[in-house]
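Work through the exercises below with the sequence and the coordinates at hand. Each task is followed by a stepwise solution.

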Amino acid sequence: MSPPDMTAIPANPPRRALPLHRELDRVWRNGPGLWGQVTSVSHTTLGLRFMATAFVFFGIGGLLSMLIRAQLATPNSAFLDTALYNQIFTMHGSIMMFLFAIPMLEGLAMYLLPKMLGTRDLAFPRLSALGYWCYLLGGSILITALLAGVAPADGWFMYTPLSGKTYSPGINADVWLLGVTFVEISALAAAIELMVSILRLRAPGMTLTQMPLFAWYILGTAAMMLAGFPPLILGSVLLEMERAFGWPFFDPERGGDPLLWQHLFWLFGHPEVYIIFLPAAGVLSTVIPVLCRTKIVGYGAIVAAILGMVFLSFGLWVHHMFTVGIPHLALAFFSAASMLVAVPTAVQIFAWIGTMWRGRPELKLPMLYILGFFFTFVMGGLTGVMLAVVPFNWQAHDTAFVTAHLHYVLIGGFVFPMLAGVAWWMPLMSGRRRIKGLGEAAFWLILIGFHGTFFLMHLTGLMGMPRRIPTYADNPEWMGLNLSSSFFGFVMTIGFALFAIDLILQAGFGKRSVRDPWQAPSLDWAMALPPPNYNFASLPGVELQQAGAAGAMLKLARGEGFLPGAPRGRREILVTSVGAARPQHVALLPFNTALPLVLALAICAFVLLMLAGFYAVAPVALIPVVGLIWAWARRAVAAVDAAPVEIAPGQFLPVHPEGGATLTQSGLTGLLFANGTFLASLLFGLAFISLVSPGPPRPVWHADGTVLLAAAAVVALLAAGALGARWALARVEAARPAGAVLIGAVIVNLLALAGLAALAFWLPAPTRHAGDAVRAALVAYVGLHIAIATLFSAFALDQARRGELTPASPGALRNWGLWQRYTLAAAALAMAALWAQEAGA
Amino acid sequence: MKCAALATVPLVLAGCTGPLSTLTPSGPIAQDIAWLWWALLAGAALLALMVFVLVALGFGRPREVAEGRWVFGMGVWFSLAVLTVTLAGALWVGERILPHGPALEVHAHARQWSWTFTHPGATGPTESEGVLHIPAGQPVDVLITSSDVIHSFWVPQLGGKMDAIPGRQNRLRIEASRPGTYEGLCAEFCGLEHASMRFEVIAHDPAAWPPLPTMEGSRP
């Protein structure tokens with residue numbers, strides 16, 4: 001069956017909208033009551049919940065900032081003691097970064113993307129729910145620690161050795177490392193599913209070059225998250241292993257290097273700024289042209305600018321480290337790279353201004369926030385260029401000037417656009433109009449409060465006030481500036497409180513909004529308000545995608561698009577090709593389930609055991625995690641009725657991809673990409689410790705023949721496993737039994753695991769030297785991957801035993817093959833790195 | 001032009017003084033950076049003003065726009081030109097303040113939460129707690145390290161800052177034009193008593209250098 005030609009597909013005949021709605025709603029809606037909320041996997045429900053939870057954490061982070069401002073209002077304040085003050089500023093930064101900004105943008109993207117792309121949900125609905133629960137539980141761990149007085153206190157970038165066991169002996173630093181890493185599961189999950197959804201779920205005929213700019217921005221963001229979060233997660237894992245088991249990655253006395261932490265942290269931390277900025281810029285590129293009643297200036301240039309930012313942002317992390325003693329050529333290089341990233345930003349700024357020139361801007365509430373963005377972010381960008389100038393950086397670094405700069409960038413570049421976005425999409429999310437006047441008052445309070453707080457803070461920094469000090473008794477010259485910052489800080493807080501009140505009033509008491517209140521061109525408004533869980537009664541083709549929300553709304557509701565209704569009682573969506581969005585097959589999405597919550601609770605149990613220091617028991621908690629993931633995979637929807645589905649008159653699509661990749665395969669590819677950056681970061685650590693660190697050299701240790709033999713055996717066995725995966729697939733596709741091959745593959749993987757265990761046994765103790773510790777970490781990484789490969793092959797064997805492997809749908813064989821090949825490559829690379837480390841010593 | 005600028009500076013500086021202010025430099029290195037800052041500020045103010053005016057003009061009647069002029073003309077070429085000039089200035093000042101050529105060497109050793117300095121004395125190397133002695137009117141290289149966590153050595157009126165990292169030794173050049181006492185502090189957050197990790201730099205008349213071991217804070 002060849003994919004249908006997009007232009008020649010006939011339309012479905014119009015039907016009555018209400019029965020169609022009832023049919024879909026029965027299949028797609030959440031269960032009733034609280035349990036229905038717990039089991040929901042809908043992107044609409046979860047997107048809203050992500051945003052609402054992020055706002056709650058924003059409120060908590062904001063209260064903490066008020067405590068900081070109260071403490072700093074006068075020179076010798078005894079309002080907070082220093083230990084508590086340190087916890088508060090650390091938590092303020094950590095909450096705003098990890099519990100507000102990232103989840104907020106994830107929530108907005110999850111909520112909007114399927115609606116903009118013309119589909120019914122994201123690619124992996126259960127993953128959305130898992131991400132949410134990990135976020136909520138991880139965030140709760142951090143807040144509980146704050147209430148218990150054991151919150152992290154080493155600053156939100158957790159520099160070693162201060163965050164090491166010697167100088168932070170309590171549980172505080174572990175709370176940060178474990179809690180934040182737990183939350184980051186949701187970031188990786190979101191990144192994978194947003195990327196796969198953008199690439200594979202666009203409405204038929206919506207080519208990449210025609211999709212809404214917001215989708216391009218989120219595609220860039222997701223790519224950066226997949227590459228940016230692994231270094232942070234690696235750093236956190238290594239530091240936790242140093243704290244828990246004494247593996248000296250960052251301990252200079254045993255060959256470790258505190259700067260390794262800074263490299264890993266800022267490898268994440270700088271892209272993080274753009275991860276936060278890109279979705280906000282996506283909101284601006286969406287809202288500005290509609291509010292100016294014109295088209296965006298320079299679509300292609302903006303896409304190029306997004307891609308440019310994605311690449312450049314990974315080349316300038318060192319500008320956070322200009323004062324650590326970097327060779328001076330490197331200073332010049334990173335200074336130039338840091339300035340260069342201003343170019344794609346400028347392209348977008350001028351494209352937006354050009355759009356305003358071309359159209360007639362309407363001064364509605366979202367436009368006020370957009371003007372707030374221009375006013376604030378331009379200044380933050382300019383101070384950013386100043387900080388890229390190394391000599392000036394040497395004066396301004398670690399002072400209040402940097403505090404001011406980063407708030408100009410983050411509040412200007414993220415919060416103002418997000419407030420514009422909330423004001424813009426609130427009628428969609430709540431189905432109601434806002435109450436006039438309140439929003440404008442909130443805007444002015446926030447704008448005046450913000451600049452009152454942070455504008456003069458630049459000067460405070462230049463007058464020598466460093467960050468993170470609680471008192472300044474000897475420096476009366478800073479008092480007036482600080483007092484005014486504190487005063488306006490409270491004004492800004494009142495503004496945010498008013499904004500929250502406005503939202504609550506609108507959601508609770510606003511008048512019903514008309515559909516498509518902004519006369520928008522995009523599909524996100526071509527639906528009822530608030531939107532039903534299925535979004536579209538039928539999915540739009542090219543003609544309806546370009547008809548504007550008003551033109552498409554009725555036809556879609558009447559089932560004139562593709563795949564109307566839910567006649568088979570299944571949650572069906574269309575999967576299309578990456579470039580041209582040709583329809584490939586119909587995918588079946590899972591129903592409501594509590595499995596994501598249960599799995600998140602199981603992971604939480606592991607995290608809590610680690611936190612409590614029960615290191616011997618903690619691995620036991622991983623058994624339910626493995627069991628639940630197994631159940632998760634087993635409960636993926638299998639098509640009992642595999643008959644092709646008629647998406648339009650005479651146009652049939654299969655429910656299994658014929659030769660093409662399934663959504664799961666696309667998702668696994670994304671995961672392996674992130675996994676690859678994790679491995680690359682670990683290899684970077686190995687090279688850094690071996691070649692750059694000035695510490696004592698690693699004691700000699702000569703690898704004897706047995707070790708080399710074990711290493712070679714592990715690689716050879718994994719290669720045999722990869723061949724086994726291929727052979728089993730070939731047999732299944734030829735409709736022949738594959739059970740024996742699969743049994744062989746499981747045994748081969750188990751032998752590889754045993755070989756690696758033997759190798760690890762012969763290696764010197766990882767506590768001896770940082771070089772030994774990185775090597776052990778590398779072996780542990782390979783071991784984890786072989787263990788997962790073993791489980792994967794056992795899962796396929798189980799499927800074979802149940803007779804579920806068919807030529808049309810070869811079960812887990814393709815995904816296991818992908819994982820097995822990755823494991824083989826990673827093991828080969830790791831063994832080569834170990835050999836190189838020995839040869840270099 | 002420099003004279004005109006010099007005349008306005010004292011007015012602007014009236015509110016910017018203080019023993020830790022980077023805007024009242026007391027040596028050529030801090031002075032270079034201060035000039036750089038004023039230049040950056042002037043450029044940034046002009047650019048910000050330009051963007052605000054362009055945004056305000058956007059509220060006029062709709063008009064034809066040449067897309068290329070906005071995204072490439074302004075977005076790429078204009079910003080590249082501005083950044084190139086900025087980078088040239090950065091490299092020029094950077095080359096002037098980096099430790100090139102011979103200089104007197106002193107040592108700064110940080111720990112939670114105090115500083116120990118070593119400088120050449122009349123009777124050999126002299127250690128002092130919390131006070132760094134240097135000669136005025138000549139470049140001094142501070143060799144900075146730490147014995148526990150990361151700290152940062154900063155004397156705003158004499159030069160930039162440099163981190164004190166355990167296991168490493170960093171070099172920072174500072175210079176005081178005139179004899180006097182200058183304040184310094186730890187700039188990198190280093191734990192409970194971070195705020196109190198202050199120190200002093202005493203710049204001596206070159207005629208009185210090296211100082212006698214009886215100077216403030218010293219022990220031979």
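**Exercise 1.** In this predicted model, is the crossing in which α12(A) passes α2(B) left-handed or right-handed?

Solution. Take the helix pair first: α12 of chain A covers residues 365–388, and α2 of chain B covers 28–57. The crossing of α12(A) past α2(B) is right-handed.

**Exercise 2.** Find how α12(A) and α2(B) are oriented to each other.

Solution. Step 1: the two axes come within 10 Å and cross at roughly 155 degrees. Step 2: angles over 145 degrees count as roughly antiparallel. Step 3: α12(A) and α2(B) are therefore roughly antiparallel to each other.

**Exercise 3.** State which residues make the contact of α12(A) with α2(B), and sort them by class.

Solution. Step 1: α12(A) contributes Leu371(A), Phe374(A), Phe375(A), Val378(A), Met379(A), Leu382(A) and Met386(A). Step 2: from α2(B) come Leu40(B), Ala44(B), Leu47(B), Ala48(B), Val51(B), Phe52(B) and Val55(B). Step 3: by class, this contact has 14 nonpolar, no polar and no charged residues.

**Exercise 4.** Describe the side of chain B that touches chain A.

Solution. Step 1: 66 residues of chain B are in contact with 67 residues of chain A. Step 2: at least two residues each come from α2 (28–57), α3 (67–97) and β7 (161–164) of chain B. Step 3: α3(B) gives the most, with 16 residues. Step 4: the classes on this side of chain B are 42 nonpolar, 15 polar and nine charged residues.

**Exercise 5.** Characterise the span 29–543 of chain A.

Solution. Step 1: an unreviewed UniProt entry lists these residues as "domain: Cytochrome oxidase subunit I profile".

Notes
Residues are numbered from 1 along each chain as its sequence is written. Chains are lettered from A and ligands numbered from 1 in the order in which they are written. This is a predicted model: local features need pLDDT of at least 70, side-chain atom pairs count only at pLDDT 80 or more; totals for chains, interfaces and linings use all residues. UniProt positions are given in the numbering used here, feature names are shortened, and annotations may be inferred rather than shown by experiment. Helices (H or I, at least four residues) and strands (E, at least two) are DSSP runs, numbered from the N terminus. Two residues are in contact if their C-beta atoms, placed from the backbone, lie within 7 Å. Ala, Val, Leu, Ile, Met, Phe, Trp, Tyr, Cys and Pro count as nonpolar, Asp, Glu, Lys and Arg as charged, and the others, Gly among them, as polar. Axes are lines fitted to C-alpha atoms, for helices over the stretch in contact, and angles run from 0 to 180 degrees between N-to-C directions. Angles under 35 degrees count as roughly parallel, over 145 as roughly antiparallel, 65 to 115 as roughly perpendicular and the rest as oblique. A crossing is left-handed if the near helix is turned anticlockwise from the far one by less than a right angle, and right-handed if clockwise.
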